[in-house]
Amino acid sequence: MYVAQSSAEWERIEHTSAFKELMQSKKAFIVPATIFFLAFYMGLPILTGFTTWLNGPVIGAITWAYVYAFAQFIMTWTLLHLYVSWANRWDELVDQARREAAGAPANADARGEG
Amino acid sequence: MQTDDIVALIFFVAVILLTLGVTYWAAKRNVGASSHYVAGGQITGWQNGLAISGDYLSAASFLGIAGAIALSGFSGFYLSIGYLVAYLTVLLLVAEPLRNLGKYTLADMLTTRFNARGVRAASALNTIAISTFYMIAQLVGAGALIALLLPFMPPTLSIILVGILMTVYVVAGGMVATTWIQIIKAVLLVTATIALTIAVLAQFSFNPLTVFNEVQAQAGREMVIPPPPETFGSGLDTVSLFLALVLGTAGLPHILIRFLTVPDAKTARSSIVWAVWIIGGFYLLTPIIGYGATLLVGREAIANQDPAGNVAAPQLAAALGGPAFLGFISAVAFATIVAVVAGLVISASGAFAHDFYNNVLRRGEASESEQFRAARIASAGVAIGSIILALSFQGLNVAFLVALAFGVAASANVPVILLTIFWKKFNTAGAVTGMLTGLISSVGLTFLSPNILGDAALYPLEQPPAIFSVPLGFLGCYLGTLLGGRAAEEEQRTGKQVSYEEIYVRANTGISDVEEELETAETETQTT
């Protein structure tokens, strides 16, 4: 049975400790980051669509609405770079998972020298 | 013809010659289906980042947002925010899994999991619907714009000219030419935007705050605050627009296929970094350009030229730098339109030739050369079809069509993409039901809205109906899975669906051939 056999090999990778760590690490970043950015983003239309709370001036003619809007830019750039720095660690975990699934002891290879 | 027209014409001809030169160079490298659809997957991170920016910053962004801010102030900036934050949805949830599972089209990603022609056909239908709305908008916009900037050109002739150009680019040069045209366009657009911003700021002692203060003093306080909340419906409309914008980008096929042109997920990631900085920097400057137009051109003069304010940016350029600057900005706007249209043609031709012809009709058995020929024929067909549609819809509001495309993308594509990656129990019936529910509800509600029916509207809101149609799309996926077809486990046993373990591991690691990967890893371990 080709299907069953192939599925077993995927499971071999899935069951490595490196893959489990990868998925834990991904969830630890992506879930809170997504909830945060969606809430922060939707806060603007909810506040401007239903209230006038953001109409007050901050500096000169710059209103709180503009400050909130510019903050969305800062949030986007910040989360972008946080994601990239987490993702670089994920690349290493993917490599580890491959080696682990192939039968090598975890962490033994990259560090050990020939 | 006046001198001003001649200056503008010289810039236009320069842009056309440059892009045709690129196409001639790229045509030699366009040798098969893979190079036609995804440039052989050999685009680098910064190249793809610039190309994404070039694909994304359409005429609606450059001209539309500047005009909206110039005429109505803060609410025009809504689009800038939504279009940018949308990249977080793309980056955090969609880009890397899509790169890891896909091949040429969005449907390829879904059918990596579901071995069903119905899924592919429904996905191709969505791609064609979204690309068509988007493309008509660009072509109609091009016609109106060129008519305003080059008064001696009738709109019909402009639409046909843009149509012929994009056919040449895509049929001869494929994705390689399209990518480079988008890169050139992105560089031109960023240069033009920075030049305009500096020219505006120079009038206000290089202090952005002065621009805001002057707008408040001269045009009134309503220019710097959000439009007042009137009814519950108007508030809901704003929320619905924001929802369509933040989710829509993650379902736009012509943006998503750009992640298939890079060799791996790491490069996809770095291309988003480039794109988000370029796109964000661009949108951050839109208030300066918009308010600059309010102050230096005047709202009356802008609205007289075009009621939607679509030529506010070129008018500003003329006020600041005379005919030469106007010619440059106009040529950039033209390059913007052809680059976006070329990307749309590629994605729609993929849905026709790769999804419908090769995989649905020929059951995946067309030869490489048949596929390549089909791709080119489909590209020419899509281009001709959209020219005809654009000619017959010339009166339609451009911004409305673009918003419609975002609404459809958010409702019809995003639920199915997310659930294919993240939901273990998802099945074929759920995928098809979800895609069709999202498509029908988003298009249907739009056609029942005041935009089409006026006072007789059955659905009251004017913005994209995402607030209803996105949940309906998810609900369609869920109910379809629950009520229709067979359970995911049974589909996996009979080969209608690959195991979720495979999707889970592939989407998260980029490993596509497990046996080969394990062998390579084994050899590597043995040598160390």
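How many of the residues of helix α6 (residues 106-113) of chain B are buried? Seven of its eight residues are, a residue being buried if 20 or more other C-beta atoms, placed from the backbone, lie within 10 Å of its own. The buried residues of α6(B) include B:Leu106, B:Asp108, B:Met109 and B:Arg113.

This is a predicted model, in which local features need pLDDT of at least 70 and side-chain atom pairs count only at pLDDT 80 or more, while totals for chains, interfaces and linings use all residues. Residues are numbered from 1 along each chain as its sequence is written, and chains are lettered from A and ligands numbered from 1 in the order in which they are written.

Helix α12 (residues 265-296) of chain B is crossed by two helices, as tabulated here.

| Helix of chain B | Axes come within | Crossing angle with α12(B) |
|---|---|---|
| α4 (residues 59-72) | 7 Å | roughly 55° |
| α9 (residues 208-219) | 10 Å | roughly 45° |

The crossing of α4(B) and α12(B) is right-handed, whereas that of α9(B) and α12(B) is left-handed.

Residues are in contact if their C-beta atoms, placed from the backbone, lie within 7 Å. In α4(B), B:Ile65, B:Ala66, B:Ile69 and B:Ala70 meet residues of α12(B), among them B:Tyr291 and B:Thr294; this contact comprises eight nonpolar, three polar and no charged residues. In α9(B), B:Phe212 and B:Glu214 are among the residues that meet α12(B), where the partners include B:Tyr291 and B:Leu295, and here the classes are eight nonpolar, three polar and one charged.

Terms used. Axes fitted to C-alpha atoms, helices over the stretch in contact; angles between N-to-C directions. Helix = DSSP H or I, 4+ residues; strand = E, 2+ residues; numbered from the N terminus. Left-handed = near helix turned anticlockwise from the far one by under 90°. Contact = placed C-beta atoms within 7 Å. Nonpolar A, V, L, I, M, F, W, Y, C, P; charged D, E, K, R; others polar. Buried ≥ 20, exposed ≤ 12 C-beta atoms within 10 Å, placed from the backbone.
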